[in-house]
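Subject: A structure for you to explore

Hi there,

Here is the structure I promised to pass on to you. Have a look at it first, and then read my notes below.

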Amino acid sequence: MLTIHGYSPSGNCHKLRMLLAHLGRRPGVDYRWIETDSAHGATRTPAYLAKNPNGRVPMIEDDAGPAGDTRIMVESNAILCWLAEGTPYFAGDAWQRAQTLSWMFFEQYSHEPYIAVARFICGWTPLDSPRRAELPKLRERGHQALAVMDKHLASRDWFSDTGYGIADIALYAYTHCAGEGGFDLSAYPSIRSWLGRVEAQPGFVPMAPHSDENPALIARPS
Ligand SMILES: N[C@@H](CCC(=O)N[C@@H](CS)C(=O)NCC(=O)O)C(=O)O
């Protein structure tokens, strides 16, 4: 049994749920999902840090290690690679697979730090949070990433030339909800068409909406 520690409104965590649904694995049958509210400190407890000193979700525990041991993996895109190994979602020769990884590194370095962080600030911090001063710079850098994606998709259906796969899943995670961080996608027609193609894939599962009981928080951009 695979155990996933994840926070459902997190794009990084949703990546795993998306791929597992495509692979036909269902929570409670092939894996269990332990909801871990990373926005309210659940990844910073001593027990969690003992498993993942980096204090973040997602984290997986696989109880079928080579010596019958339980092993742990962190970092969403590394987990995607492991789960997708031997499937059409991480296909191709060495060059093609490295191209897939290239887009996944792009996602982590040039996309997620701006688009996901802007969404977090807008949706999870109080209206008077000093972090809101970061938004203009985050949006500038996030738009640069979106422009790169739109250019690539203008002549291709998917990020990997082997077809829909883990690069698309990694980039879908925070692109589809970029509006929650104040990004207007209307200037990116190729991205919008691609989002529709991703959502039309068999087994597609939407991300859980963010809800927070704290009235000081809003889910709208500002
Ligand atoms: N590079 C990591 C990023 C993971 C990450 O930033 N997780 C956030 C939620 S999306 C988290 O756990 N934050 C809690 C914290 O930093 O305390 C990945 O792709 O898995």
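Where does the ligand sit? You will find the ligand in the largest pocket. Please keep in mind that this is a predicted model.

Let's start with the surroundings of the ligand. There are 13 residues around the ligand, and those that come nearest are Arg44, Val57, Glu75, Ser76 and Gln108.

Now zoom in on single atoms. In valine 57, a backbone N or O atom lies 2.8 Å from a nitrogen atom of the ligand. How much of the ligand does the protein bury? On its own, the ligand exposes 510 Å², and 79% of that is buried by the protein. Two side chains also belong in this picture. An N or O atom in the side chain of threonine 43 is 3.5 Å from an oxygen atom of the ligand. For arginine 56, a side-chain N or O atom is likewise 3.5 Å from an oxygen atom of the ligand.

The other thing to look at is the salt bridges. Side chains of opposite charge can pair when their charged atoms come close. The count here comes to 8 salt bridges. One of them joins the side chains of lysine 15 and glutamate 107, with 3.0 Å from N to O. This pair links distant parts of the chain, as lysine 15 belongs to helix H1 (residues 11–22) and glutamate 107 to helix H4 (residues 94–124), 92 residues apart.

Enjoy exploring, and write back with any questions!

Best wishes

How values were computed: Residues are numbered from 1 along each chain as its sequence is written. This is a predicted model: local features need pLDDT of at least 70, side-chain atom pairs count only at pLDDT 80 or more; totals for chains, interfaces and linings use all residues. Side-chain values use heavy atoms; hydrogens and water are left out. A residue is near a molecule or strand if one of its heavy atoms lies within 4 Å of it. A polar contact is a pair of N or O atoms within 3.5 Å; within protein, one must be able to donate a hydrogen and the other to accept it, and residues adjacent in sequence count only if both atoms are side-chain atoms. Accessible areas come from the Shrake-Rupley method with a 1.4 Å probe; for residues, only the protein chains shown count as cover. On a 1 Å grid over the protein atoms alone, a cavity is a set of points where a 1.4 Å probe fits but cannot get out, and a pocket is an open set with protein on both sides within 12 Å along at least five of seven lines; lining residues have an atom within 4 Å of a point. A molecule sits in a cavity or pocket if more than half of its atoms lie within 2 Å of its grid points. A salt bridge is a side-chain nitrogen of Lys or Arg within 4 Å of a carboxyl oxygen of Asp or Glu. Helices (H or I, at least four residues) and strands (E, at least two) are DSSP runs, numbered from the N terminus.
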